[in-house]
Structures are given as C-alpha cells and as structure tokens.
Amino acid sequence: MLTIDAVSAHRGKLMALSDISLTLDRGKTLAVTGESGAGKSTLIACILGLLKPSGGTITWSGAPVRTCRPALVMQEPRMAFNPALPLLQSVLEPLKARRAMVLPDRLTRLCKGLELSPELLDRKPAEVSIGQAQRAGILRALVAAPPLILFDEPLSALDSVTQKHTARLIAELQAEEGFSSLIVTHDLGYACACSDRIAVLRSGRIEEAGTPGSFVAAPQTEYGKKLRDAAFALGALEAAE
Amino acid sequence: MTPGILGLLLRAIVVVSGAAIATFVLLWNAPGDPAFAIAVARYNTIVPTDVLDQVRAEAGLDAGFWPAFRAWIGPLLVGDFGRSSVTGRAVWPDLVRALGYTAPLALAALMIGLSIAFPLACLAAKKPGGVLDRCAVAIASVGAAIPPYWLGLLLILLFAVQLAWVPAMGARTAAHIILPALTLGLGVAAALTRIIRSGILEARGQGFLPAFTRRGVSRRSIARDHVAPHAAIPVVTVLGLELAFLLEGLLMVEVIFGRPGLGGFLVHAIETRDFPRVQAVVLLTALIFVFVNLAIDIFCRVLDPRIGEPGA
Amino acid sequence: MRSVLALALIFILLAVLGPVLAPYDPAAINIPNRLGPPSADWLLGTDALGRDILSRLLHGARWSLGLAFLISVIGLCIGTVVGLVAAQGGKLADWSVMRTTDTFLAFPELVAAVVIAGLLGAGTGTLILALSVTGWMRYARVVRGIGLALKSRGYVVQAKLAGMSPLVIAHRHYIPAMMPSLIVVWTGMFAHTILGISALGFLGFGVQPPTAEWGTMLLDARIHIRSTPLQMIWPGLAVAISVLAINLCGDALRDSLAARNS
C-alpha cells in the first residue's frame, strides 16, 4: 500500500505542500481534489520521485515508490506520446523497459475494453482525437500491470460525453485489474463518484479527508462546505448521491 | 537561469584558469624532449649532453610536474609571466612588443570590416530579396568560404607582386599594415554583413514599428531610435564571436606577412618549446577573449534590460 | 539549391574517385619538368618538384575533405554525448559539463589546435586529435539546449517512469528529435574543419609532406609566388569552392527545416 507520511515540498521558495499524510490500500481508489494551485500536481510529482520532498517519506509497502514502477496517466494526452512515433511504440514502452514479453491476448483484451483498434494504434499522436489519445495513455499505464496508477486530471482535456465514458472505463478496468489508483482532479463530482476515500487540498495542506459519502453529507470544514455547495450549484454532485 | 554580472565575472575567472591549467598540463605531457628543442633554438646547433642537462635545469624541466606548476603559478598570480627558456629575457616586455604589432592590425581589420559590412548590409536590407540583397548575400557567402591565408597570398600577388603598390613582408613602415589589415578586414566584413543584415531585418520585423509609422514618426528617427538598438544586440554579440575569427585570422595573417606580432611569437614559441612564452600567449588570448565577451554581455544587458532578468 | 547540391556532390565524388581519376602519381618527382605552366599534358601545371598539380589536388581532396568529414563526425559524437550528459545528468553534471565547454570555447579553436598540434608533434594523428578536441562544443550546446527542453516533455517523463535507462531514452527520444538541428550544425562544422585542416597544413602543423593536402600544397606554392603564381591559385580555389558548396547546402537545409517547422 501507498503511505505518504508528513510530506512537505517546495517549488522554488514557495511551500507547495506541507505535512501531508495519506494512505492508499491495495485495489482502492483515493481521490485528491482542490482548486488550481492547491498542490495536487506537486503531490503527484513527489509520489513519482520527479520532485524531491523537502520533508517526510513516501513509500509503497515499505519500499521507495519507484520500485513498484507506478504508471501515470497525464492531463494532456497527446503530450504523453512522442509525436514522431506511432502510438503503439509508446504504449509498449513499459514492457520494453521491463524486458517483458508482449502478451497478445492481454493486449487484445485491454484494447477491446478501451475501445482502441490496432489500426488506430499505428497512427501518430497528432492523427488521433484527444479522447483516443487519452485512452491510449490509459492503455500504456495498464499494459505492464503495475500495482499503482496515478491519474493526473484524466478527464480535463476531454469533452463532457467522452469524460463520462472514460471515467466509466477506468472504473471497470480497475475492478478487473485490481490496481490501486490515486486520482487527482479539481472536479469534485468526479472525485466523489470514483473514489473510496477523498482528500481535499488547500494551499498545500489537507483541509479534510474522509469517505465521499460522509464528505457530501457533512463536510467537516467551512472550506469543504463551500466547495460542496459550489459543486451542488453546478449540478455536479448528483451522480455521487 | 541567467547569472548576474558578478556571476559572469566569476565564470570568466573559472574559464581563464581552466584554459591556463589545461595548457600547462598539455605542455608538460607533450612528447619529445623540450630541452633539446630549447637548446637547438638557443645555440643554433646540436649540443652535448651536459649542456642539455644545464638547459633542463635552467628551464625548471628536471623538477617534476608539481614543483614546476608551483614555480609557474606563484609568480603568475602576481602578474609575472616568467622568463623565456630560450633567450632568458623576461616574457612580458616581449609580449607587449608583439602586441604592439598585433593590436593595431586587429583594430584596422575591424575598422575595414565594419566600414564595408555596414553600408553593404544596410543596402541589402533595404529591399530583402531584391537584386542588391542577393548580390550582398552572395558576396558574403563567397567571402566567408575563402581561407584568410589564401586571400592574403592573392592580395600579395596582386598588390605587391604584380602592381607593386604596397610592401608585403615585415612591418618596417606604416604601409606594411595595409595588406594584412585588408586581408583580415575582408574576412570580417563577409561574416558581419550577413549578421548585420539579418539583425536589421529582425528588428524591423518587430511588431511595434508599424505603430510608429502610423503615428507619423519619421523613418529616420524610427531607424535611429528603434531599429538601431534592436539590431545592435545581435551585432554586438556576433562581434564577440567574430573575435575568435579575428584572433585566428591574426595568427595566420601575421605568419603569412611575416609580422613580428603575437601569431609569429606563438608559432616560434611552440617550435622552440619555449614553455613560458607559449603559456603567456595562451593566457593572454584567453583573457582577451573572455573579457571582451564579458564586456559584450554587460553591454547587451544595458541595451536590453530584459536579458538577465528571471523568466526572460 | 539544386546546383549547390550538385556542386557539393561533385566534390564528394572527386574526393572518393580522386585517385582513380588522377592522371599521374601525385608523388612522382620530375625535376626537369618543374614549375611547368598548364599544358595539354599537365592541365594545371607542375609544382617545384615537377609533380602534377591536378593529380595532387585530386589525391588531396581525399585528405582535405575526407579528414574534415571524419573529424566533424568525431566532434558530432563527442558533442552529442557531452550534451546528453549535461541535459540528462542533473544539475551538477550540467554545471560541470557547461563550464568545461565554456573553457574550451574560451579559446579561438584554431589557436588551440595550433598549440595542441604543435606541441604533440605535427602529423595526421595529432591533426585529427587537435581539431576533434577543439570542435565538439557547438554540438554540445545545441544538444544540451534541445535536451533540456525535451526533458520536461510528457513522453520523456513517461519513458523515465517506465524505467527505461537513460541510454535507451537518449536513443529513442532525444537523438531523433535533435537530428535535424545537429545536421545543420554539422554542415557548418564540416566546412569549418576543411578550413582548419588546410590552415594547420599551411602552418606546417598538419598533414606532412609528401602527402598531397590542399593546405600543405599552398605552403609549398607560397615560395614560388613570384615565378609561378598560378600554382597557389588551385589549392586555395579548391578549399574555397568546397567550403562554399557545403555552407550553401547547410543554409538551404536550415531554411527548409525552418519552413517545415513554421
């Protein structure tokens, strides 16, 4: 399981995270939400070891997180692929890096689940839609069956129809594959709908954490209440109830 | 990340020390017996072993690397370049004398280069893609491809041998500077023309200029107040890069025209394994090069305060 | 553009086929026929030892152009490795690599090459060493610049997260993206190196006689500038035309790349 213990981090001189402690069990989903600049992306960078925390530790079952080779699904789907290579080349990178064989059956099944055709995977990133690129990104994350997948705003580049579709696909695949997922999103509705636990970040601190149900029913803090009410007003929380 | 002026100065010092130390290591590890070359240069004949040993002791070659390094760097830090292994004379006055031939040549070449390149570039930039422009670019391309030593020989052939207008070899009279300065100056002009031209075009392409024209600001004052400062930055930057070309060209041209400047000084010092002299020239070249570039960096920051600011 | 490319190709062909096309042995001394003017038998005349200048030029192409090719490729390799280390290796590696590059750049290349070649003893080996050591910095700067820009791109981060080694990432993502810029820099350095080789040859620190090399030929011809001035025209012309052709190719390449990018 993923353990984030008293982590703080700096971006330049700015304190981007302070004293963050969270846990994520095997096969479960943790959603981290908050406004822009709350420190969500910094948290991802710290978990993945792309940014060195200035304090605290992050481990996966006691070992550094990178040892479990976590996967990341990026916010900008097309940016995650080398523009000069066919998608498939990039999708198979995690297997290549592990010197693992491509299992055709598994690949076919994943492709089917993600509604990606082999012909589509032979195209270059610029030649597919953003939704397709995002699904290819999810395929790349899944292909080597990592125990932990991080989703950084997985829906933000997509239109609302594709958003719902992709969210459902992620949930189905998680049920099938059993990976732990940490989903970072500013969309409170999605955060509540997809997760087992939810944490609200504000200016680099955890404002509150709990189950989505309890958060929607009774936020512990003023800020949480404000966020919830704003989401209600937009009609985004209906799905979660 | 762009460091401040103090950082640049520090960097310049690191770079010059690096160059000096690299040269020392290279000198010390060069194959062959330097004492032999020194002795031959000093006595003009092959000498017996005991004289060779004496030469070796005098030049400090028998002491080993570290003592020699200390003996070199200590006086150097207080500005003493040591004494020539061959003549036994102090290096510094000889170096200054050589520089006295090289500096006027460099200045004259730069003047010639600028006075050709500026009008040519301005003419060319008047109508980009026009006949004049294409001619200027073509001339510049050809000029950049001609090796300076060959150009020097061609000029000697034409003006000194065939026409006999000017003297070629040596540096006895003021007229001796004409041909070498012309040789170098033409090379400098070729490189500068292209850069000044594209500098002007780029500055003119800046979005704010049409606004000035619309407000009725005269062409002349636009050119003076807005195009010129914008074109100046790339030109000044490139002048710094041209300095490398100039120093290389000086070396060749001085050898061709037999001028007793730094170029001949260096080549002779290398041939006779006169370590203190080689080191002095290397150090001087690095110093000139680094500090001219430093001055250019600072100048550019004055012209355009955005350079050096964070985020620029 | 086409004519320039054709000219460059002709010179490359001449360099490759030179020894086959040459009418005489470039080293065959023929004293009675020394300093001969151009004629039907000796198209460009003969030099001070009666050797055929055309044959020497054709053989010399191999040295002047071939060595320049070799040296510029060596520089390309060194510079690419250095630049990649700077871009991929973190702050300390970047700092030390860039200061080293600055130190090398702090010196006019040719002066450094003269010092190195002069001290290590003139010869083809030292010539290659001297010009390679002084000719990698531009590549390193370009590679580092592009590398730092690529480092934060999503696909490079993804490859790193997948656990690919820096070597594989360099091979897969960095180098292909850098190739166009590198080729433009390379053409410039190729031309630059031709000038450098002939300059060192002319100073007597380069390829040694009796091997025909354009700079060395100029050095030989220089003494006879009064009696047979034509002799020094040919090698210089060969250098100038090949440098011009390569430079123009580089310009055309750069322009077409810029057009493609915009």
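Student: How many salt bridges does the structure hold over all chains?

Tutor: This is a predicted model, and over all chains there are 21 salt bridges.

Student: What makes Glu172(A) and Arg168(A) a salt bridge?

Tutor: The rule asks for a side-chain nitrogen of Lys or Arg within 4 Å of a carboxyl oxygen of Asp or Glu. For Glu172(A) and Arg168(A) the closest N and O atoms are 3.6 Å apart. That value is within 4 Å, so the pair counts. Both residues lie in helix H7 (residues 160-177) of chain A, four residues apart, about one turn of the helix.

Student: Why is Glu172(A) called partly exposed?

Tutor: Buried means under 20% relative accessible area and exposed means over 50%. Glu172(A) has 41%, so Glu172(A) falls in between and is partly exposed. Arg168(A), with 47%, is partly exposed as well.

Student: How do you know that Glu207(A) and Arg202(A) meet in a salt bridge?

Tutor: Their N to O distance is 3.8 Å, and the cut-off is 4 Å, so this pair passes. Glu207(A) is partly exposed at 25%, and Arg202(A) is partly exposed at 35%.

Student: Which elements hold Arg277(B) and Asp94(B)?

Tutor: The side chains of Arg277(B) and Asp94(B) meet in a salt bridge of 2.6 Å, N to O. Arg277(B) lies in helix H12 (residues 275-303) of chain B, and Asp94(B) in helix H5 (residues 91-126) of chain B, so the pair ties together parts that are 183 residues apart in sequence.

Student: Are Arg277(B) and Asp94(B) buried or exposed?

Tutor: Both are buried, so each has a relative accessible area under 20%. They also belong to a network of salt bridges that links Arg89(B), Asp94(B), Arg97(B), Asp274(B) and Arg277(B).

Student: Why is Asp133(B) called buried?

Tutor: Asp133(B) has a relative accessible area of 3%. Buried means under 20%, so the word applies to Asp133(B). Asp133(B) sits in helix H6 (residues 131-145) of chain B.

Student: Which residues does Asp133(B) touch, not counting residues up to four places away in sequence?

Tutor: Asp133(B) touches Ala124(B), Lys127(B), Pro128(B) and Arg197(B). To touch here means to have heavy atoms within 4.5 Å.

Student: What is the area buried between chain A and chain C?

Tutor: The area is about 1500 Å², and carbon and sulfur atoms give 58% of it. Met74(A), Asn82(A) and Glu93(A) supply 30% of the area that chain A buries against chain C, more than any other three residues. The contact takes 21 residues from chain A and 12 residues from chain C.

Student: How many salt bridges does the rule find across the interface of chain A and chain C?

Tutor: The rule finds one. Glu93(A) forms a salt bridge with Arg172(C), with the closest N and O atoms 2.7 Å apart. This distance is within 4 Å, so the pair counts.

Student: How many residue pairs are in polar contact between chain A and chain C?

Tutor: The count is seven residue pairs, with both residues at pLDDT 80 or more.

Student: Which elements give two or more residues to the side of chain A that touches chain C?

Tutor: They are helix H2 (87-91) and helix H3 (93-97) of chain A. The largest share, four residues, comes from H3(A). By kind, the residues on that side of chain A are 12 nonpolar, three polar and six charged.

Key:
Residues numbered from 1 in each chain as written. Chains lettered and ligands numbered in written order. Predicted model: local features only at pLDDT ≥ 70, side-chain atom pairs only at ≥ 80, totals over all residues. Heavy atoms only, no water. Buried < 20%, exposed > 50% of the residue type's maximum accessible area, 1.4 Å probe, protein only. Buried area = accessible area lost by both parts, 1.4 Å probe. Polar contact = N/O pair within 3.5 Å; in protein donor to acceptor, adjacent residues only side chain to side chain. Nonpolar A, V, L, I, M, F, W, Y, C, P; charged D, E, K, R; others polar.
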